Amino acid sequence: MLPNIAIIGRPNVGKSTLFNRLVGKKLALVDDRPGVTRDRREGAANLLGLEFNIIDTAGYEDEDAKSLPGRMRRQTEMAVAESELALFIIDGRAGLTPLDEEIARWLRGAKKPVVLLVNKAEGKSAESGILESYALGFGDPIPISAEHGDGIADLFQVLRPYIESFEAAAKDEPLDESAPLKLAIVGRPNAGKSTLINKMLDEDRLITGPEAGITRDSISVEWVWHDDALSEEDKLDGVHPDRKVRLIDTAGMRKRAKVDDKLEKLSVADAKRAIDFAEVVVLLLDATKGLEAQDLRIADKVIQEGRCLVIAINKWDVAEGPSKLFNGIRSALDDGLAQVRDVPLIAVSAFTGKGIDQLMKAAFNTRRVWSQRVATGKLNRWFEDAIEDNPPPAPGGKRIKLRYITQAKTRPPSFVIFGTRVDDLPESYRRYLINGIRRQLGFGGVPVRLIIRSPKNPFHEKD
């Protein structure tokens, strides 16, 4: 669950423009005329790795409750009631107005944390509005330009404690191992996905056969896997040997150029949505065909979506030269998936059941790694040592300074580094940092996000 943050202000101060910037797309209509937004609009915001739900609201007007503006105001009040924090925007060029003061009085009565933003602050014309905003009693205002992205890094710094506090109390609590594992099985047609799930369930739950493309829809099935080899440490942590799983069977995913049937296109799109829904994705290979380019494309799709990846080689019972095959696939994966090393590789047989327990053990362990948060002290010590052991380069004789790091989120683990002249940082150094996070902080085998930003205006920098 993500925290809700509502954008509040009188009409035409730039609420929808800020909303669009935070969600990264133009979801809300924007126009110079006041009153364009009438209903609440929600979107998934990502601010330098901070994730939250952002709510765009109608302009707050002091009108009769039965009138259209009054009903719009009621929607705004409900948005604040459902939020953990309010972003109160005023227009820096227009300065403080009586309606701004009225909204401020109402927000104080709502007893929600408020962050004051002075929009349209890209110029001297907003200086008086910034000074006047102190009279509202919400502390230091944040001057921003929702249209141009100015001040967004300062907004990140202010929002981070609120969101991290919420995450500590909700999403980033120690992983609930009793929660069902969302496990999607993907792969090329006829790799044996449905047959493998039937073997797990020990019943003919899904239609199977030699014909490719039998499965069209993504099918979700509840299952309980009994972990016979549960470690003593897990038992002490309260992990039960009966582990809940939500299995998702998907349609085979062929190379896009070969997909011309409309129904197959819909099936592949459904499989991609299953990847988005899953926590762990098992890419099933066919041992009789080895690793093909399409398998690497599917794996890359999983990694780009930030999901855990486990690769299983099916039909192991009929594989020729299994040892050579396994080592060859391992080597090809290391070359083809250089962005994620040490992805679990398991040999299985959907016909005999071989390797299913090892596959499930790897899936649960990978989810645990994917969900972990590094203690701040440990993260800072690693960061200082990494820079000391291999300082950033100094192109043109000017040193690149990396100042500090924070873990913005988990699932996938995402880190933000702030520094100066970061646009000159070579990709090789970025890979050095990511590899260090994986090896030394225990994130091997899962996708890691690393964003490197300048604290002045991060939207002018490159990832």
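**Strands, helices and confidence**

Q: What makes β1 and β4 a pair?
A: Four parallel bridges join β1 to β4. Two strands pair if DSSP finds at least two bridges between them, so β1 and β4 pair. Opposite Ile5 stands Leu85 in β4. Strands (E, at least two residues) and helices (H or I, at least four) are DSSP runs, numbered from the N terminus.

Q: What kind of model is this, and which pLDDT do local features need?
A: It is a predicted model: local features need pLDDT of at least 70, side-chain atom pairs count only at pLDDT 80 or more, and totals for chains, interfaces and linings use all residues. Residues are numbered from 1 along each chain as its sequence is written, and side-chain values use heavy atoms, leaving out hydrogens and water.

Q: To which strand is β1 joined in β3's case, and by how many bridges?
A: β3 (residues 50–56) runs parallel to β1, with four bridges between them. Ile5 has Ile54 as its bridge partner in β3.

Q: Why is β1 called largely enclosed?
A: Buried means under 20% relative accessible area, exposed over 50% and partly exposed in between (1.4 Å probe, protein chains only). Five of the five residues of β1 (residues 4–8) are buried, so the rest of the structure largely encloses the strand. Asn4, Ala6 and Ile8 are buried on one side, Ile5 and Ile7 on the other.

Q: Which strands are the edges of the open sheet, and what makes them edges?
A: The six strands run in the order β2-β3-β1-β4-β5-β6, with mixed pairing. β2 (41–47) and β6 (142–143) each pair on one side only, and these are the edge strands. Further in, β4 (residues 85–91) and β5 (residues 114–119) pair in the parallel sense over six bridges. There, Ile89 has Leu117 of β5 as its bridge partner.

Q: What makes the approach of Arg160 to the side chain of Gln157 a polar contact?
A: The two side chains come to 3.5 Å. A polar contact is a pair of N or O atoms within 3.5 Å; within protein, one must be able to donate a hydrogen and the other to accept it, and residues adjacent in sequence count only if both atoms are side-chain atoms. Beyond four places in sequence, Arg160 touches Leu50, Tyr404 and Thr406; contact means heavy atoms within 4.5 Å.

Q: How do you know whether Asn314 is buried or exposed?
A: Asn314 has a relative accessible area of 2%, so it is buried. It lies in strand β11 (residues 308–314). Its contacts beyond four places in sequence include Leu284, Asp286 and Val348.

Q: Why do the buried residues of α12 line one face?
A: Those residues are Leu379, Trp382, Phe383, Ala386 and Ile387. Seen down the axis of α12, they fall within an arc of 125°, so they line one face of the helix. The arc is that of the directions from the helix axis to the C-beta atoms. On the other side, Arg381, Glu384, Glu388 and Asp389 are exposed.

Q: Which element has the lowest mean pLDDT?
A: Helix α8 (residues 262–277) has the lowest, at 64, and strand β12 (residues 345–347) the highest, at 97. pLDDT is the predictor's confidence in each residue, from 0 to 100.
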